[in-house]
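Here is a short briefing to read alongside the model.

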Amino acid sequence: KDSRFRPEVKKLGESLKFPFLVDENTNTKMYESDEICKYLWATYGQEAKAPLFYRLALFSCCSTVYTLTLFLASLFRPLPRMGMLRTPSKAPKQPLELWSFEGSPPCRLAREALCSLELPYVLHNIAHGSRAKRADFTTKYGERLSKMRRNLSSVAGEDIVKVPFLIDPNTKTEMFESADIVKYLFDTYATGPTVKETLADYTTAGATDGHHTVKGATTKQD
């Protein structure tokens with residue numbers, strides 16, 4: 001009941017299911033991860049090619065394995081501060097910014113902390129091969145990189161970046177290093193201990209086939 005964003009999700013979508021996508025550019029609101037992925041590729045990925053594993057997952061014979069690997073990624077991140085449970089926090093006046101890319105373990109640590117604290121932030125994805133966005137990062141923050149990284153960029157002929165990189169306009173803070181970022185976020189915004197919840201609080205009410213779970217396995221309602 002004290003969650004910062006769950007009441008907003010229920011108001012916008014009428015149900016507490018996740019993920020929930022809101023695209024104000026097309027006035028779109030939608031649930032279901034499969035449908036969200038299809039929508040994003042169709043709407044914004046015309047000049048991009050979907051990763052191999054994503055394309056394989058479209059085949060029924062591979063979808064179960066694909067889903068299992070996603071589940072395992074979270075299974076081995078069970079501690080309270082790893083994004084699964086809410087930590088009470090004060091709301092920042094302005095959203096934070098995080099430069100990151102999905103496959104980076106250190107970046108995941110920073111995203112987990114932001115998620116646990118329910119802090120609004122703008123995510124800048126700069127994956128390998130994202131030349132335009134990496135060039136943007138270098139233009140804005142290249143002077144923050146070490147001399148060695150700048151030299152590597154010159155030799156390689158491409159932008160060498162360092163992530164995660166957090167920007168907090170509320171405190172005029174800019175910082176690298178996942179451990180420092182996590183400590184900063186909790187020291188600056190946490191107002192209490194992580195909430196105590198267990199699997200007994202888990203509910204499958206409202207689940208569909210797309211969730212790959214057992215509908216009706218619990219009686220707890222949203």
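Phe-137 and Tyr-141 are separated by about one helical turn, because they sit four residues apart in helix 7 (residues 131-141). The model is predicted.

- The ring centres of Phe-137 and Tyr-141 are 5.6 Å apart. Their planes meet at 55°, so this pair is tilted.
- Phe-137 and Tyr-141 are both buried.
- The two belong to a cluster: ring pairs link Trp-99, Phe-137, Tyr-141, Phe-165 and Phe-176.
- Phe-176 also has a lysine over its face. This is Lys-162, at 5.2 Å from the ring centre.
- The count of aromatic pairs comes to seven.

- Phe-20 and Tyr-31 form another ring pair, with centres 4.8 Å apart. The planes are at 35°, so this pair is tilted.
- The pair links distant parts of the chain, 11 residues apart. Phe-20 is in the loop between helix 1 (6-13) and strand 1 (21-23). Tyr-31 is in the loop between strand 2 (28-30) and helix 2 (33-44).
- Both Phe-20 and Tyr-31 are buried.
- Tyr-31 has a lysine over its ring face too: Lys-17, at 5.0 Å from the ring centre.

- Tyr-39 lies in helix 2.
- Is Tyr-39 buried or exposed? Its relative accessible area is 15%. The cut-off for buried is under 20%, so Tyr-39 counts as buried.
- Leaving out residues up to four places away in sequence, Tyr-39 touches Leu-21, Asp-23, Thr-26, Thr-28, Met-30 and Tyr-44.

**Packing of helix 6 with helix 9**

- Helix 6 (residues 105-116) packs with helix 9 (residues 178-189) at an angle of about 10°. The axes are 8 Å apart.
- Angles under 35 degrees count as roughly parallel, so helix 6 is roughly parallel to helix 9.
- Helix 6 makes the contact through Pro-106, Leu-109, Ala-110, Ala-113, Leu-114 and Ser-116.
- Helix 9 contributes Ser-178, Ile-181, Val-182, Leu-185 and Phe-186.
- By class, the contact of helix 6 with helix 9 has nine nonpolar residues, two polar residues and no charged residues.

**Cis peptide bonds**

- Phe-18 and Pro-19 are joined by a cis peptide bond, with omega about 5°. Pro-19 is in the loop between helix 1 and strand 1.
- Val-163 to Pro-164 is also a cis peptide bond, with omega near 0°. Pro-164 is in the loop between helix 8 (147-156) and strand 5 (165-168).

- Which loop holds Lys-172? Lys-172 is in the loop between strand 5 and strand 6 (173-175).
- Phi of Lys-172 is near 55°, a positive value in a residue other than glycine.
- Lys-172 is exposed, with a relative accessible area of 74%.
- Glu-177 is in the loop between strand 6 and helix 9. Its phi is near 75°, again positive in a residue other than glycine.
- Glu-177 counts as partly exposed, at 40% relative accessibility.

Notes
Residues numbered from 1 in each chain as written. Predicted model: local features only at pLDDT ≥ 70, side-chain atom pairs only at ≥ 80, totals over all residues. Heavy atoms only, no water. Axes fitted to C-alpha atoms, helices over the stretch in contact; angles between N-to-C directions. Helix = DSSP H or I, 4+ residues; strand = E, 2+ residues; numbered from the N terminus. Parallel < 35°, antiparallel > 145°, perpendicular 65-115°, else oblique. Contact = heavy atoms within 4.5 Å. Nonpolar A, V, L, I, M, F, W, Y, C, P; charged D, E, K, R; others polar. Phe/Tyr/Trp six-rings, centres within 6.5 Å; stacked < 30°, edge-to-face > 60°. Buried < 20%, exposed > 50% of the residue type's maximum accessible area, 1.4 Å probe, protein only. Lys NZ or Arg CZ within 6 Å of the ring centre and 35° of its normal.
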